[in-house]
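Subject: Structure handover

Hello,

Please read the notes with the model open.

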Amino acid sequence: MAEPDEARRFYARLMAAQARSADPRVEEVFASVPREAFLGPGPWTVFAGEGRFETPSADPRYIYQNVLVVLDAGKGINNGEPLLHAMWLGKAEPKPGEAVTHIGAGTGYYTALLARLVEPGGSVTAFELEPDLAARAKANLAAYDNVEIVQADAVANPLPSSDIIYVNAGVVAPPAAWLKALKPGGRMIFPWRPSETVGLAVLITRLENGFACRPFMGSWFIPCVGASTAEPGAKIPTRERAVRTRSIWLTATKAPDRTATAVFGEVWFSSRTIRVDDTR
């Protein structure tokens, strides 16, 4: 078998290829951040496909592949699939100097990758609701001067102004406050789970005249506390309507119209593509 560092370097190359990013730092950060440092002592329980396995030993080479690693079996919380996060990082394109808000930080592995990608000058504010996971993340990220761990509910508490909001818990719709926290040109990437049968990863970009929206892959995460249940009267989309979504609007600034693919309280989704000159 390869030495752990060699295994990690090969893993990093695979992740960078999956990210399809022109930024060479994606491979660098996957190679430089040791995943095992965020998982607790091995051996580890991992998921791949429909299978659940325990690694033969605490050798970190076993977790340098596309497997979920169990963090809290009782609550269904895992360190998610690296290939999925590589694709998300490629879509979100973190840049040096940017401010990131990470919602659902777990024990901090993907927080660490985000923190490295916004160096120098950037910062990450990471929310984690579970006290034990937040404490582990704080310890794991103690050497990262540009990370703040907040043990709190990101739905009930205000978010800082952000260039990127990176969400790792499923929502029926992003809360209006999250959209408002995005800076001009800011991106939000999140798991959209408007119903039990629809799960999509979505990238939002804040433009001058609205929020562009693009579902780009299937995605299933545990529900986000406080934002995973539709209110009475919500317009819930089929998967076919959900994938046609191209913009998101605040009902306070624009009422839902015939292009609405979904409506959830203060936020609605539309099949209309936002044009740069679109001020209607």
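R61 and D59 form a salt bridge, with their closest N and O atoms 2.2 Å apart. The term covers a side-chain nitrogen of Lys or Arg within 4 Å of a carboxyl oxygen of Asp or Glu. R61 is partly exposed at 21% relative accessible area, whereas D59 is buried at 13%. Here buried means under 20% relative accessible area, exposed means over 50%, and partly exposed lies in between (1.4 Å probe, protein chains only).

Two points on provenance. This is a predicted model, in which local features need pLDDT of at least 70 and side-chain atom pairs count only at pLDDT 80 or more, while totals for chains, interfaces and linings use all residues. Residues are numbered from 1 along each chain as its sequence is written, and side-chain values use heavy atoms, with hydrogens and water left out.

Back to the charged pairs. The count of salt bridges by the rule above is 9. One of them joins K75 to E130, at 2.5 Å from N to O. This pair links distant parts of the chain, 55 residues apart: K75 sits in the loop between strand 3 (68-72) and strand 4 (77-79), and E130 in the loop between strand 6 (123-127) and helix 5 (131-140). Helices (H or I, at least four residues) and strands (E, at least two) are DSSP runs numbered from the N terminus. K75 is partly exposed at 46%, and E130 is buried at 18%.

A further salt bridge pairs E196 with R193 at 3.2 Å, N to O; E196 is exposed, with 63% relative accessibility.

Now the nonpolar cores, meaning sets of buried Ala, Val, Leu, Ile, Met, Phe, Trp, Tyr and Cys residues joined through side-chain atoms within 4.5 Å. The largest has 46 residues, and F30, W88, Y109, L113 and Y144 have the most contacts inside it. Elements giving two or more residues to this core include helix 1 (4-19), helix 2 (25-32), strand 3 and strand 10 (198-207). Helix 4 supplies the largest share, 7 residues.

Beyond its neighbours within four places in sequence, Y109 is in contact (heavy atoms within 4.5 Å) with Y11, F30, V33, P34, R35, F38 and N79. A second, separate core has 35 residues, among them A152, A176, V202 and F264.

Regards
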